[in-house]
Amino acid sequence: MKVSKKVKINSTKEKVWAIIMDIEHSSDFIGGITNIEIITPAGDDLVGLKWKETRKMFGKESHEVMWITEYQQNHYYKTRAENHGAIYVSCLTITEDGDSAILEMSFEGQSTTFMSKVMSKVFGGMVKNSMSKALQQDLQDIKQACEAQ
């Protein structure tokens, strides 16, 4: 399953980068996130920054441990999570558009176990629709945080 959404933000690439890299405080400006717990802080390199993210999904709290696998300053970062027999890869990418920035958020889930493959076939459409809405809302929340500065 792959989902991708974009939003135009009236801000600079650098300001958008600063907001999306404030992972520790992201629950303050992304409504879908209820808590962030840093597990492994970033050193000189952002790769390896690891956190536990708590969200409200389908009426229940859901926890994912995520970590940054690659990044390019002021351009993008990728995260990975492994849970429920699947690997999840997300990417936030910033591009310039005149005096504005375009922020794209993509999500890909790949089932790795028999049971998760079956569940993906049965519930895939519903999950994809929910993920699409969640990505769009996260982007709107980030846009609002960036434009408020």
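1. Two strands are said to pair if DSSP finds at least two bridges between them; strands (E, at least two residues) and helices (H or I, at least four) are DSSP runs, numbered from the N terminus. In this predicted model, an open sheet of 7 strands has the order E1-E7-E6-E5-E4-E3-E2, with antiparallel pairing. Its edge strands are E1 (2-9) and E2 (33-40), each of which pairs on one side only.

2. The model is predicted: local features need pLDDT of at least 70 and side-chain atom pairs count only at pLDDT 80 or more, while totals for chains, interfaces and linings use all residues. Residues are numbered from 1 along each chain as its sequence is written, and side-chain values use heavy atoms, with hydrogens and water left out.

3. E3 and strand E4 (residues 60-72) run antiparallel and are joined by 8 bridges. Glutamate 53 has glutamate 64 in E4 as its bridge partner. The hairpin of E3 and E4 has 2 residues between the strands, and phenylalanine 58 there takes a positive phi near 55°.

4. E4 also pairs with strand E5 (residues 76-83), in the antiparallel sense, over 6 bridges. Here isoleucine 68 is partnered by threonine 79 in E5. This hairpin has 3 residues between its strands, and asparagine 74 in the turn has a positive phi of about 65°.

5. On its way through the sheet, the reader next meets E5 and strand E6 (residues 86-97), antiparallel and joined by 8 bridges. The bridge partner of glutamate 82 is isoleucine 87 in E6.

6. Lysine 13 belongs to helix H1 (residues 13-20). Is lysine 13 buried or exposed? Lysine 13 is buried, because its relative accessible area is 18% (buried means under 20%, exposed over 50%, partly exposed in between, with a 1.4 Å probe and protein chains only). Leaving aside residues up to four places away in sequence, lysine 13 touches Asn74, His75, Ile94, Thr95, Glu96 and Ala101 (contact means heavy atoms within 4.5 Å).

7. The second largest pocket holds about 160 Å³ of space. A pocket is an open set of points on a 1 Å grid over the protein atoms alone, where a 1.4 Å probe fits, with protein on both sides within 12 Å along at least five of seven lines; lining residues have an atom within 4 Å of a point. Points are joined across faces, edges and corners, and the volume is the space filled by probe spheres set on them. Helix H2 gives the most to this lining, with 5 residues.
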